[in-house]
Amino acid sequence: MSANDPDQTPKEPTEEELRAAYEQQLKQIRVDDVLVQTVLSLINLGSLRAGLVPGNEAEADPGQLRQAIEGVRALLPLVEPALGPDARQIREAVSRLQMEYARLAGAGGAEPAEEPAAEGEQPAPQPEGPGPAQTSGRLWVPGG
């Protein structure tokens with residue numbers, strides 16, 4: 001038999017075999033493992049969106065960076081017990097990302113605080129200077 005013999009090529013697994021293999025893998029994975037992997041993925045993606053990956057500075061996206069930071073901050077209390085002393089490195093990485101976000105936001109790269117007016121709508125009027133309560137120093141009381 002030669003190496004090119006069609007009878008020697010491995011058969012594709014059936015859908016049932018694939019499902020059984022997948023279920024076996026799922027039995028071995030713990031939720032902690034998935035949460036830790038998610039946190040690490042968010043930190044790596046946050047670094048990219050912060051423009052910290054050399055050669056990818058143009059990938060900076062403050063909105064995506066903020067979302068990655070918030071995701072890590074939400075998951076961190078759940079994964080800290082699984083990480084043990086390594087949780088310190090995660091907290092340090094989040095701190096670096098937060099500092100980079102502050103730098104990007106200070107440079108005018110942050111998302112706007114409110115949605116812009118839809119096409120055809122007039123933007124909400126912005127007050128010019130302090131209002132009467134700020135200038136008089138008195139507290140306004142309704143009906144008073």
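Guide: A crossing is left-handed if the near helix is turned anticlockwise from the far one by less than a right angle, and right-handed if clockwise. In this predicted model, the crossing of α2 and α4 is left-handed. The contact draws on V39, L40, I43, G46, S47 and R49 from α2, and on I90, A93, L97 and L104 from α4. Contact here means heavy atoms within 4.5 Å.

Visitor: On what basis are the model and its numbering to be read?

Guide: The model is predicted, with local features needing pLDDT of at least 70 and side-chain atom pairs counting only at pLDDT 80 or more, while totals for chains, interfaces and linings use all residues. Residues are numbered from 1 along each chain as its sequence is written, and side-chain values use heavy atoms, with hydrogens and water left out.

Visitor: How many helices and strands are there in the protein?

Guide: Helices (H or I, at least four residues) and strands (E, at least two) are DSSP runs, numbered from the N terminus. The protein has five helices and zero strands, and from the N terminus its elements run α-α-α-α-α.

Visitor: At what angle do α2 and α4 pack?

Guide: Axes are lines fitted to C-alpha atoms, for helices over the stretch in contact, and angles run from 0 to 180 degrees between N-to-C directions. Angles under 35 degrees count as roughly parallel, over 145 as roughly antiparallel, 65 to 115 as roughly perpendicular and the rest as oblique. For α2 and α4 the angle is about 30 degrees, and their axes are 10 Å apart. The pair is therefore roughly parallel.

Visitor: How do α3 and α4 pack?

Guide: Helix α3 (residues 62-83) packs on helix α4 (residues 87-106) at an angle of about 165 degrees, with axes 10 Å apart. These two are therefore roughly antiparallel. Here too the description of the crossing is left-handed. Among the residues that meet are L65, V72 and L76 in α3 and I90, V94 and L97 in α4. By class, the residues of this contact divide into twelve nonpolar, one polar and five charged. In that count Ala, Val, Leu, Ile, Met, Phe, Trp, Tyr, Cys and Pro are nonpolar, Asp, Glu, Lys and Arg are charged, and the others, Gly among them, are polar.

Visitor: Which residues have the most contacts inside the largest nonpolar core?

Guide: A nonpolar core is a set of buried Ala, Val, Leu, Ile, Met, Phe, Trp, Tyr and Cys residues joined through side-chain atoms within 4.5 Å. The largest one has 18 residues, and V39, I43, L65, V72, V79, L83 and I90 have the most contacts inside it. Helices α2, α3 and α4 each supply at least two of its residues, and α3 gives the most, with seven. Leaving aside neighbours within four places in sequence, I43 is in contact with V72, I90, A93 and L97.

Visitor: Is S47 buried or exposed?

Guide: Buried means under 20% relative accessible area, exposed over 50%, and partly exposed in between (1.4 Å probe, protein chains only). S47, found in helix α2 (residues 31-49), has a relative accessible area of 19% and is therefore buried. Beyond neighbours within four places in sequence, S47 is in contact with L52, V53 and L97. N44 also lies in helix α2, but at 54% relative accessibility N44 counts as exposed. Of the 144 residues of the protein, 18% count as buried.
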